[in-house]
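User: Please go through the labels used for this model and show what each one rests on.

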Amino acid sequence: MILHISPGNNNYDILIERGCLKKASSSLHLQRKVLIVTDSGVPAHYVKMLADACKQPVICTIGQGEVNKNLQNYQYLLSTMLACRFTRKDCVAAVGGGVCGDLAGFAAAGYMRGIDFYNIPTTLLSQVDSSIGGKTAVNLDGIKNAVGAFYHPRKVLIDADVLKTLPQRHLSAGLAEALKMAITFDEDFFRLFEENQVFSDLESVIRRSLLIKKEVVEQDETEQGLRRVLNFGHTIGHGIESQVSDGSLYHGECVAIGMLPMCSPQIMKRLLPIYDKLNLPSSCRMDLDAVCSSMLHDKKSEDGKITIVETDRIGSYRMRTADPAELREKAAMVIR
């Protein structure tokens, strides 16, 4: 299946097909220098599949985890391309999760004012969400995605076969991002989580999630309005994630926790059994003051207030501003 996405003046295809990583040479222009960005948790044979298809592959492997999405690794990628004499006709390809995609995309955006970028997500979370839409960034001084750019890939390859090697917990964390879209945009999609075993139908989850994100991004490429809805759960979630440096909580798990205070009691009652089924946390132990301090750096902050997304009914949403005191009260619902 091919989805065509056209945000702003950009146009690219998202290929959703089992085994497409093995056939990357038929989908991507790889007969040039290719900086392959991956991390230490990605199975080596996935990277080799892509490298074998490239004329001149240069592999950069970063450490696993959000802590490695930083300016030091950004410079590492740029310096590697410069040392290997990459030109504006060469490209960058990410093989990994959201950290690799964000970092590689930002490096592609910055090198010589922009070179081609391909995204090959290998986690469910990146396949359902972060691999499309053009958001690239690194973290700075403990604040998530503080430095970045909107820079779209030339093409995205989504191969569900690579999920076979993904630990169950990573699958659950990825499903949290898909659940986010179902809660705010699609009640029928939400019922898939309630009534079925979504682990056995991941391709449907990927396809339906991407169709929602595609529609949103095409209407609001740079997050001036509608696209902010995709941050449902992320205000508190990012605040929590900014305080996690030991990998004890994954991004999707933080988002899952952050969604609950933004839901009506009726929706929370329906969500908690889904969390149990997906093994997602509904609360955490953390320094509330530190989490609230991090939330104030939210990119949606204006005049000391932050735009939050709430929902009273599945398949709907509302956006409004909240002050720090109200956000603290909401965060206290899930932080023990």
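Analyst: A crossover is right-handed if, with the strands pointing away from the viewer, the path from the first strand over the helix to the second runs clockwise. Helices (H or I, at least four residues) and strands (E, at least two) are DSSP runs, numbered from the N terminus. By these terms β5, helix α3 (residues 98–110) and β6 make a right-handed β-α-β unit. This is a predicted model, in which local features need pLDDT of at least 70, side-chain atom pairs count only at pLDDT 80 or more, and totals for chains, interfaces and linings use all residues. Residues are numbered from 1 along each chain as its sequence is written, and side-chain values use heavy atoms, with hydrogens and water left out.

User: How do you know that β5 pairs with β6, and in which sense do they run?

Analyst: Two strands pair if DSSP finds at least two bridges between them. Strand β5 (residues 91–96) is joined to β6 by 6 bridges, and the two run parallel. Cys91 stands opposite Asp116 in β6. β6 also pairs with strand β9 (residues 155–158), again in the parallel sense, over 2 bridges. There the bridge partner of Asn119 is Val156 in β9.

User: What makes β6 count as mostly covered?

Analyst: Buried means under 20% relative accessible area, exposed over 50%, and partly exposed in between (1.4 Å probe, protein chains only). In β6, 6 of its 6 residues are buried. Asp116, Tyr118 and Ile120 point one way, Phe117, Asn119 and Pro121 the other way, and all are buried.

User: What makes a space a cavity, and how many of 30 Å³ or more are there?

Analyst: On a 1 Å grid over the protein atoms alone, a cavity is a set of points where a 1.4 Å probe fits but cannot get out; lining residues have an atom within 4 Å of a point. Grid points are joined across faces, edges and corners, and a volume is the space filled by probe spheres set on the points. The count is 2 cavities of 30 Å³ or more. The largest has a volume of about 60 Å³, and its lining includes Phe117, Asn119, Lys135 and Tyr151. β6 (116–121) and β7 (135–140) each supply at least two residues of that lining.

The second largest cavity has a volume of about 30 Å³. Among the residues that line it are His234, Met262 and Ile308. β11 gives the most to this lining, with 3 residues.

User: Why is the pair of Phe185 and Tyr317 called tilted?

Analyst: Rings of Phe, Tyr and Trp (its six-membered ring) pair if their centres lie within 6.5 Å; planes under 30 degrees apart count as stacked, over 60 as edge-to-face and the rest as tilted. The count is 3 aromatic pairs. In one of them, Tyr74 and Phe106 are 4.4 Å apart centre to centre with 15° between the planes, and this pair is stacked. Tyr74 lies in helix α2 (residues 71–83) and Phe106 in helix α3, so the pair ties together parts that are 32 residues apart in sequence. Both Tyr74 and Phe106 are buried. For Phe185 and Tyr317 the centres are 5.6 Å apart and the planes at 50°, so that pair is tilted.

User: Why do Phe185 and Tyr317 count as partly exposed?

Analyst: Phe185 is at 25% relative accessibility, so it counts as partly exposed. Tyr317, at 34%, also counts as partly exposed.

Definitions and conventions. 1 Å grid on protein atoms, 1.4 Å probe; cavity = no way out; pocket = protein on both sides within 12 Å on 5 of 7 lines; lining within 4 Å.
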